[in-house]
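Student: I have a chain open in my viewer and would like to learn how to read it. Could you take me through it, feature by feature?

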Amino acid sequence: MLNGKTILVTGGTGSFGNAFTQYVLENYEPKKIIIYSRDEYKQFVMGNKFRKYKEKLRFFIGDVRDGERMRRAFDGVDYVVHAAALKQVPACEYNPMEAVKTNINGAMNIVDAALDCGVKRVVALSTDKAVNPINLYGGTKLVSDKLFVAANAYSGAKDVCFSIVRYGNVAGSRGSVIPFFRNMIAEGKTKLPITDYRMTRFWISLEEGVKLVIKALSEAKGGETFISKIPSFKITDLAQAILPGCEMPEVGIREGEKLHEIMVTREDSMFTYEYENHFIVYPHFEWWQESRVQAGGKLVEPGFEYSSGTNTEWLSVEEIAEKLKTVSIH
């Protein structure tokens with residue numbers, strides 16, 4: 001369904017944008033992929049990386065805060081994948097208005113530009129931190145999610161739908177625990193600090209994240225939140241997989257950090273369907289039609305919560321160690 005289409009990726013020079021671009025170019029025949037981002041050097045690097053695909057790749061310097069620039073970039077675009085965001089929790093706490101401008105105002109600009117320019121499908125990347133948020137980054141992403149869901153009510157007769165994909169930190173992503181532990185080991189450290197021995201996380205690879213976005217582009221009717229069914233792991237088990245037998249001093253949970261990642265809340269269970277490899281949280285609005293619910297799913301039990309702490313699938317130390325062999329820093 002991506003063959004012959006023009007696709008624009010906001011924040012496209014990031015780890016997701018690079019992985020998405022590579023996957024699409026290797027598995028489909030798009031008409032064009034447009035990388036929309038602020039950093040001309042990263043665009044230069046990415047252009048060299050994908051030199052053999054230069055006929056299909058375009059680079060557009062711009063900021064999601066700039067609505068006029070986005071309208072120019074969206075001209076002739078079929079699909080938009082929104083990956084641009086300010087993501088670092090401490091930076092967002094210290095610069096709250098900057099986070100609002102990018103994560104909230106930027107989302108509004110994307111909705112407006114997509115409606116005005118005839119875009120067919122928009123998929124926005126969300127985060128577990130938008131679920132019951134306890135920090136500003138999560139709060140801005142919650143608002144962003146709400147904006148993209150509600151945008152479907154404004155489409156009118158236009159053939160456009162907006163949907164969301166949600167997952168936590170990708171394994172090996174910059175600023176996450178795997179590169180943090182690896183850097184400590186490279187420095188000769190023999191102790192790996194654990195913020196809280198009870199802490200758990202979901203495990204998702206970059207490729208799995210890309211495939212979830214393509215699923216949403218292919219299947220969304222408008223307003224859904226797609227969530228992969230993925231295994232959990234204990235942070236203590238991760239430490240042992242990276243450095244077997246290491247000491248693990250407990251240092252206390254950081255500000256804005258959660259013990260567990262939550263993807264589906266108990267409150268959302270009334271609108272959540274489980275499928276073989278994923279969940280879909282459907283919108284709860286008057287404009288939503290029950291006939292749009294995909295076949296093959298089952299409504300989850302009342303009070304269901306999809307949390308890394310209560311997951312039914314877990315990775316052992318040995319399984320984590322095996323997965324780590326394929327994890328590079330993004």
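Student: What share of the 330 residues in the chain is buried?

Tutor: Buried means under 20% relative accessible area, exposed means over 50%, and partly exposed lies in between, with a 1.4 Å probe and protein chains only. Here 51% of the 330 residues are buried. Keep in mind that this is a predicted model, where local features need pLDDT of at least 70, side-chain atom pairs count only at pLDDT 80 or more, and totals for chains, interfaces and linings use all residues. Residues are numbered from 1 along each chain as its sequence is written, and side-chain values use heavy atoms, with hydrogens and water left out.

Student: How does the radius of gyration of the chain compare with that of a compact globule?

Tutor: The radius is taken over C-alpha atoms, and the globule rule is 2.2 Å times the number of residues to the power 0.38. For 330 residues a compact globule would come out near 20 Å, and the chain has 20 Å, so the two agree. Along its principal axes the C-alpha trace spans about 60 × 50 × 40 Å.

Student: How many helices and strands does the chain have?

Tutor: Both are DSSP runs numbered from the N terminus: helices are H or I with at least four residues, strands are E with at least two. This chain has 10 helices and 14 strands.

Student: Is Ser308 buried or exposed?

Tutor: Ser308 has a relative accessible area of 0%, so this residue is buried. Now look at Lys325, in the segment after helix 10 (317–324). With a relative accessible area of 64%, Lys325 is exposed.

Student: With which side chain does Lys325 make a polar contact?

Tutor: A polar contact is a pair of N or O atoms within 3.5 Å; within protein, one must be able to donate a hydrogen and the other to accept it, and residues adjacent in sequence count only if both atoms are side-chain atoms. The partner of Lys325 is the side chain of Glu322, at 3.2 Å.
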